[in-house]
Amino acid sequence: MTNQLSVSALFDLEKTIAKDIFDGIDLPFKVLPLISDFIIKLGNSLDEEIFEKRGENIWVAKSAKIAPTAYLNGPLIIDEGAEIRHCAFIRGSAIIGKGAVIGNSTEVKNAIVFDKAQVPHYNYVGDSILGYMAHMGAGAVTSNLKSDKSLVTVSVGKEKVETGLKKFGAILGNYADVGCNSVLCPGTMLGQSCRVYPLSMVRGFVPAKHIYKNKNDIVEIK
């Protein structure tokens, strides 16, 4: 079952400036502790004609749109054409892809947001990865820490995959779409082109091309 959780099953690595962080990685959550150091290494190699350095370990593409009210903390890379909207709060250790949208009052921390992914309204994305053109509806959030502070596991049917991580929010495959005001519990992984109904509480793995209505009603998209 774990092959469904693999980097190759979830993502197109040509759709992120962070593709090299996945070299030799089978399960994508393994890169979460590596993001901060990777940003610093990559940032120092970026083309100065395309990117400008803003403060300590913050690189922003000159074509990106950054609202004057947005807060940017490093390490951080914002790629070309990305849009960081009013009162967005990027806490650091974040890679924001080409054409991605970080919206009004959205908070991002220790995350990779692939090209054209969108978290446009009142979202929280922590210790998470959002694939190409993934989308989280208004108010949808990731929960990245279990209430008992134990290590996060990923439930795949009756199997539990150990992550070794205390903080791990969610991983969304390419084109995954999360409905408004949904909560993605620690260790949630959505396959490519999944859809999650609004007001859902999601835990564990949802296979590619399925609709999550509730934990007892997950149907294949025909």
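**Figure 1. Asparagine 181, a partly exposed residue in a predicted model.** Asparagine 181 is partly exposed, with a relative accessible area of 47%. The model shown here, as in every view below, is predicted. Asparagine 181 belongs to the loop between β17 and β18 (183–184). Its phi is positive, about 60°, although the residue is not a glycine. Most residues other than glycine have a negative phi.

**Figure 2. Tyrosine 175 and asparagine 174 in the loop between β16 and β17.** Tyrosine 175 also has a positive phi, about 70°, and is not a glycine. Its relative accessible area is 42%, so tyrosine 175 counts as partly exposed. Asparagine 174 sits in this loop too, between β16 (170–172) and β17 (177–178). Asparagine 174 is buried, with a relative accessible area of 4%. What does asparagine 174 contact, leaving aside its neighbours within four places in sequence? The partners are Leu10, Phe11, Asp12, Gly131, Tyr132, Gln192 and Ser193.

**Figure 3. A charge over a ring at tyrosine 132.** The charged end of lysine 15 sits over the ring of tyrosine 132. It lies 4.9 Å from the ring centre. Tyrosine 132 is also one of the contacts of asparagine 174.

**Figure 4. The tilted pair of phenylalanine 22 and phenylalanine 114.** The whole structure holds 6 aromatic pairs. In this one, the ring centres are 6.2 Å apart and the planes meet at 50°, so the pair is tilted.

**Figure 5. The tilted pair of phenylalanine 29 and phenylalanine 168.** Here the centres are 5.5 Å apart, with 40° between the planes. Phenylalanine 29 lies in the loop between α1 and α2. Phenylalanine 168 lies in the loop between β15 (159–165) and β16. The pair therefore ties together parts that are 139 residues apart in sequence.

**Figure 6. The largest nonpolar core, seen around isoleucine 112.** This core has 71 residues. Which residues have the most contacts inside it? They are Phe29, Ile78, Ile96, Ile112 and Leu172. Phe29 is the ring paired with phenylalanine 168 in the previous figure. Beyond its neighbours within four places in sequence, isoleucine 112 touches Thr16, Ala18, Ile21, Phe22, Val31, Ile35, Ile95, Ser128, Ile129 and Leu130.

Figure 7. An α-helix has 3.6 residues a turn, so residues three or four places apart point the same way.

**Figure 8. A cis peptide bond at proline 75.** The bond from glycine 74 to proline 75 is cis, with omega near -5°. Most peptide bonds are trans. Where does proline 75 sit? Proline 75 is in the loop between β4 (71–72) and β5.

**Figure 9. Cysteine 180 and cysteine 194, in no disulfide.** How many disulfides are there? The count is 0. For cysteine 180, the nearest cysteine sulfur is that of cysteine 194, 17 Å away. A disulfide needs the two sulfur atoms within 2.5 Å, so cysteine 180 forms none. Cysteine 180 is partly exposed, with a relative accessible area of 36%. For cysteine 194, the nearest cysteine sulfur is that of cysteine 185, 15 Å away. Cysteine 194 is buried, with a relative accessible area of 0%.

Technical notes
Residues are numbered from 1 along each chain as its sequence is written. This is a predicted model: local features need pLDDT of at least 70, side-chain atom pairs count only at pLDDT 80 or more; totals for chains, interfaces and linings use all residues. Side-chain values use heavy atoms; hydrogens and water are left out. Helices (H or I, at least four residues) and strands (E, at least two) are DSSP runs, numbered from the N terminus. Buried means under 20% relative accessible area, exposed over 50%, partly exposed in between (1.4 Å probe, protein chains only). Contact means heavy atoms within 4.5 Å. Rings of Phe, Tyr and Trp (its six-membered ring) pair if their centres lie within 6.5 Å; planes under 30 degrees apart count as stacked, over 60 as edge-to-face and the rest as tilted. A charge sits over a ring if NZ of Lys or CZ of Arg is within 6 Å of the ring centre and within 35 degrees of the ring normal. A nonpolar core is a set of buried Ala, Val, Leu, Ile, Met, Phe, Trp, Tyr and Cys residues joined through side-chain atoms within 4.5 Å.
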